[in-house]
Amino acid sequence: MNALNTETIIRRVAVALDASLASSQALQAAAELAASLQAELEGIFIEDINLIRLAELPFTREIRPASMTEETVNVQRMEQELRSLARQEQQKLELIAREKGISCSFRIRRGQIKAELMEAVAEVDVMTLCRPGYVSEKFRRQTIGYSLRAAAFPGQQARSSVSVIFGRAQNEKRALMAAARLADRLDLGLSILVTGDSDAETDNLQREADTILGSQTQRVNFIRLSGNQVSDLVMATASSNSQVLLVNSNNSLVAGGQLWHYLEQVSCPVLIVREQAADRESPGTPSIPA
Amino acid sequence: MAINNLKASDLYHSCDTKQLRFKTTARLKALSEVIGQERAVEAVRFGVGIQRDGYNLYALGPNGIGKYSLVRRYVEEKAKSKDIPSDWCYVNNFQQPYKPNALELPPGMGQELSIEMEQLIDDLRAAIPAVFESEEYRTRSQVVEEELTERKERTIAKIQKAARAKGISLIRTPTGITLAPIRGDEVISIEEFKRLPKKERKRIKEDTEILQERLHKAFHEEPQREKEARDKITILNHEMAAYAAGNLIDTLRKKYHDLTAVIDYLNDVEADVVEHFRIFLRPEGEKPSFIEAQLTGAEQTSDTRYRVNAMVIRDTNGGAPVVYEDNPSYLNLIGRVEHSAYMGTLETDFTMIRAGALHQANGGYLILDALKVLMQPFAWEGLKRALQSNEIRMESLGQMTSLVSTVSLEPEPIPLQVKLVLLGDRRIYYLLSYLDPEFSELFKVAVDFDDRMDRNPASQKLYARLIATMVHNEKLLEFDSAAVARVIEHSARMVSDADKLSTHMRSLMDLLRESDHWAREDEHKIVGREDVQQAINAAEHRADRIRDRVQEEIERGTLFIDTTGNKVGQVNGLSVIKLGNFSFGLPSRITARVRIGGSKVIDIEREVKLGGAIHSKGVMILSGYLGSHYMLDHPLSLTASLVFEQSYSEVEGDSASSAELYALISALSDIPVKQSLAVTGSVNQHGEIQPIGGVNEKIEGFFDVCSKRGLDGTQGVIIPASNRKHLMLRDDVCKAVEKGKFAVYSVETIDDGIELLTGMTAGQRDESGKFPEDSINSGVEAKLTEFSTRMHAYVTRSESSGAKE
């Protein structure tokens, strides 16, 4: 892998934070990758403009499922809650950066969540995304089945591999290398989801991947993606028991706008690896871990 | 008049080896019965035989007399014929964990149940996770979960669909969920909303409120649905756990089907396992976190919750237990609840209940040392309470004294049926009888050990067999008959009585062991008389440092003792000093001075508070004797002072009262007393000499002083005639007497003694009531009459001069 280091330098790994359980998992995955590459970890918190707008409307009321109370929403309170969430996420980010011994920065953006995040993808080497939504996981966790099964079988949700989509060997090798690093660090298997159009092309891609990885990564598992549908990808990542999925920023999943559809259906985070190194410094406030 | 110059044979009562009729102890049969303690044996037999409340035993007698051995022997004999009592276990009380239940099981089964419950725990640890990881459980629980999730999602989707149709969307906020009008994927801004026609704004508002109401209703129903789902999962969980546990527990139920208490316990275990199945899903030995414990009430891990604390396990080969508790503290008697530290706090449970001596002895016999019990705080009270209530109620000292009120365990009391034997000296027995009203109720059988037994040919033979038994038990060299005879003679000396033998077994055993030692040192094959004598001498030598020092000071003239010549008003008295187990006699100079006065004999020892009560009594008797013996018609007008010269510690006892009277008589009659003689004996108001203690030590004490200065045949000791039977003097004293170098006289009256001391006639009143002239008594009477006359004249003069004034 050393020969490829200069081509695959990753200086900044970003992660979208929104206080959900999924975003915590994404933060963990991003921190591990940043630590393995000695890259900077950057947290990005999006203040959803839709929430500010609805708070301005005079008749909106919020139902709180936990306490079963109802209250009028106003802008001041909404902004306060968003700032509070941002602070919590920043603290989490700094804590994990300290644990991993890496530097970190944090920034807040305001706008449409998906648009803001896709814009951020262009600014960093790696962007870590998960299912969006401030309370989506908390909301899910309130279902009885989740809590009962979690209590009865603690730790059963553990995944056992890092997955990466590998299409065109030359263009997507950066994602492959990052995935290999992460798998090594987490001591997990590496599942390479090969997207060849034919058997021959698939075989070629496997050979390419083998050549790029050399002998340093163990437990490599090739899975052929049978189609380009999101459902195929969901099936493939589920069967490989993926903890995290890495994908090149040029991949159709990202470029074609199906990413959000995919994220709605899985709980593992997706790391989008830019093909080239980011050429712009982060606008966030850098913080050095103690 | 009965003055006897005793012969050497009177001074030592030898044991005739011919009467013993054996060469060595090897030929003697072991003695199975106890000798010299017939009363005690009878009491023990009665005490261990009677099965009634309060008939506990108190064995009283001095330490070393063999109380423990005798009691243990008879108690063990009785215990063998009794049934083995039950095993006792403590198990968890699942309803009230702080009150563990006691479980009574047939002997030996407590341990079995404990092991089988450990096995059950292991089996459950495998069986319960297995059923919860089964496909059946996964599928059934998933059905419940999905049913709830789908229902919820359907409801939300329905509302979302209805909202979308009206241009409204459900939106999640950081703290909940709300509804807002949208355009595309974006919420319309307030400016845009304001630009809408009024009618449209009204519609949006009304639609939002209707949807909000539906949403609210949907959420409101959610807890009930969740509860229903939770109940279904709980029922499923219990069903699975019951299946896993039931089969395993059934095996135990079959085994213990005739023990109702165990069956009840196993049923409780099954119900609890079903309720708390999650503890078997944790890794072995892992404790729940503090938060988990608080939330689930799972205070205990599976290791402890279902364990059986087999606290008292019986030996199925023996009979009833016989327990001797060497350290009878409160906790060692009643039992204790131990604690262990966990996360900075002390915690405990029923597995940390430890049995006390009462638990171990339950159904049998408990032997305790009375003094040790009384010296341990609360032990006596705890013991009495257990005996009175017939149950062992375990309470910590903190609980008992109400000093600590924190929550602790209150183990279920265990019924108590025990025969308690206290071993102690007589003083403690009589003190307890006097001071503790409950004592007599609880210890109705006094086992009184005698410290001596009669000495006669038959008892000497038995004593020889006792010695042989001890020799064989201790694997000592055999003793020949002369050695045994010497032991018997020393035994008589130990009780200071030629007609008695000591029953103090420890002293006897010590003498035998030490004799064996000296015999081996001298490479003897058999212990002989000289080995026994060496053991006696060595033991005496080890203890007689103080005696040697005092003798040395007498020899050097630091302590004034005359052994030759004659002195007026000065007599050699004899006293005994006891230091630990060693006693020795010493002469003391007693002097008397007389003058005219008001009928007063001043005991200087008493005046300076160095005289004990009995000593003072003896001195006061002297006034009575003088008045009644000499001054029948006149008032006694005498002031006399008596003193133990060079005595710097308390003088107690009346054994010197005859010596003091001799000194007084000498001072009054002005007749000197022989300093070659020493005197012992108490006197009564009639002038009769009464017996005293330590006669052997006293004679030997004066003999040693004289011996060092050189025996000239004039020296000797005057003793009461009633003490002759107590004489067991040292061999060197006897030999000196035999050779006429030293004398031991026995006297019956003061007149006997004064004649020996002065060499003059004491004198008896004749028919006219007068003492013969030139007799001692005549001189005393004349002096006292003179004092009286002068006193009368003095008083008359004083009164007449007072009248003139």
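**Close-up views of chains A and B in a predicted model**

**View 1. Strand pairing across the two chains.** A:Ile63 stands opposite B:Ile177 in E6(B), where strands (E, at least two residues) and helices (H or I, at least four) are DSSP runs numbered from the N terminus. Strand E3 (residues 61-64) of chain A and E6(B) run antiparallel and are joined by two bridges, and two strands pair if DSSP finds at least two bridges between them. This is a predicted model, in which local features need pLDDT of at least 70 and side-chain atom pairs count only at pLDDT 80 or more, while totals for chains, interfaces and linings use all residues. Residues are numbered from 1 along each chain as its sequence is written, and chains are lettered from A and ligands numbered from 1 in the order in which they are written.

**View 2. The side of chain B that touches chain A.** Here 35 residues of chain B are in contact with 31 residues of chain A, a contact being two residues whose C-beta atoms, placed from the backbone, lie within 7 Å. The elements that give two or more residues to this side of chain B include helix H6 (135-165), strand E6 (177-183) and helix H8 (198-255) of chain B, and the largest share, 11 residues, comes from H8(B).

**View 3. Helix H1 of chain A.** Helix H1 (residues 21-37) of chain A has 17 residues and reaches 25 Å from its first C-alpha to its last, close to the 24 Å expected at 1.5 Å a residue, the expected span being 1.5 Å times one less than the number of residues. Because 14 of the 17 residues of H1(A) are buried, this helix is largely enclosed by the rest of the structure; a residue is buried if 20 or more other C-beta atoms, placed from the backbone, lie within 10 Å of its own. A:Gln38, which follows H1(A), has a positive phi near 55°.

**View 4. Strand E22 of chain B and its two partners.** Strand E22 (residues 570-579) of chain B is joined by 10 bridges to strand E23 (residues 582-596) of chain B, and the two run antiparallel, with B:Val571 opposite B:Ile590 in E23(B). E22(B) and E23(B) form a hairpin with two residues between them, and B:Gly580 in the turn has a positive phi of about 65°. E22(B) also runs parallel to strand E27 (residues 677-679) of chain B, to which two bridges join it; in E27(B), B:Val679 is the bridge partner of B:Gly573.

Technical notes. A residue is buried if 20 or more other C-beta atoms lie within 10 Å of its own, exposed if 12 or fewer, and partly exposed in between; C-beta atoms are placed from the backbone.
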